[in-house]
Amino acid sequence: MNKETIERIRKFTDDRDWNQFHSPANLAKSISIESNELLECFQWDEDNFDIDCVKEELADVLVYCRNMLDVLELDEDEIVNDKMTKNEKKYPVEKAKGSSKKYNEL
């Protein structure tokens with residue numbers, strides 16, 4: 001996410017004095033709720049979905065994730081790269097390529 005977008009999200013939240021509601025638990029709940037609303041876009045037909053619905057709900061998930069990063073003072077690049085390192089070990093290409101099995105089943 002670029003700096004301008006991050007600052008816009010922060011300003012939106014600050015202008016409304018919503019940080020007081022942004023505990024990690026509340027943000028985790030909100031991320032879950034919004035991700036379920038994203039899933040709802042595909043509820044009855046996963047091939048013919050409304051892309052505008054997907055974009056709106058995905059944006060909500062990303063905004064709440066950005067808020068959680070701020071509250072916990074986390075760097076998204078650092079935590080994503082740490083997780084990717086773990087995933088690369090759990091899912092080596094030679095075992096996982098083309099497979100949907102969980103790492104403990106490979």
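**The whole chain**

Display the complete model, which is predicted, as a cartoon. The protein chain contains 5 helices and 0 strands, and along the sequence these follow the pattern α-α-α-α-α. The radius of gyration is 17 Å, well over the 13 Å that the globule rule gives for 106 residues, so the chain is more spread out than a compact globule. Along the principal axes, the C-alpha atoms fill a box of roughly 50 × 35 × 25 Å.

The protein chain exposes about 8,500 Å², of which carbon and sulfur atoms supply 51%. Of the 106 residues, 18% count as buried. For contacts between residues at least 6 apart in sequence, 49% join residues at least 24 apart.

Colour the surface by charge. There are 16 positive and 26 negative side chains, and the centres of these two sets lie 7 Å apart.

**The cysteines**

The structure holds 1 disulfide. Cys41 lies in the loop between α2 (24-40) and α3 (51-72), whereas Cys53 lies in helix α3, so the pair ties together parts that are 12 residues apart in sequence. The torsion about the S-S bond is about -80°, so this disulfide is left-handed.

Are the two partners buried or exposed? Cys41 is buried, at a relative accessible area of 12%, while Cys53 is partly exposed, at 26%.

Cys65 is partly exposed, with a relative accessible area of 28%.

**Helix α1**

Move to Lys3, in helix α1 (residues 3-15). Lys3 counts as exposed, at 63% relative accessibility. To set its position against another part of the chain, draw a distance from Lys3 to Ile79: their C-alpha atoms are separated by 18 Å, and the two residues are 76 apart along the chain.

In helix α1, select Thr13 as well. Thr13 is buried, with a relative accessible area of 3%. Which residues is Thr13 in contact with, leaving aside neighbours within four places in sequence? They are Trp18, Asn19, His22 and Asn67. Show these side chains together with Thr13 to inspect the surroundings.

The last stops concern the backbone. Most residues other than glycine have a negative phi.

Select Asp17, in the loop between α1 and α2. Although Asp17 is not a glycine, its phi is positive, at about 55°. Asp17 is partly exposed, with a relative accessible area of 48%.

Finally, go to Glu73, in the loop between α3 and α4 (76-90). Glu73, likewise not a glycine, has a positive phi of about 55°. At 73% relative accessibility, Glu73 counts as exposed.

Technical notes:
Residues numbered from 1 in each chain as written. Predicted model: local features only at pLDDT ≥ 70, side-chain atom pairs only at ≥ 80, totals over all residues. Heavy atoms only, no water. Helix = DSSP H or I, 4+ residues; strand = E, 2+ residues; numbered from the N terminus. Rg over C-alpha atoms; globule rule 2.2 N^0.38 Å. Buried < 20%, exposed > 50% of the residue type's maximum accessible area, 1.4 Å probe, protein only. Contact = heavy atoms within 4.5 Å. Areas by Shrake-Rupley, 256 points an atom, 1.4 Å probe, with all protein chains shown as cover. Lys, Arg positive; Asp, Glu negative; His and termini not counted. Charge placed at Lys NZ, Arg CZ, Asp CG, Glu CD. Disulfide = S-S within 2.5 Å.
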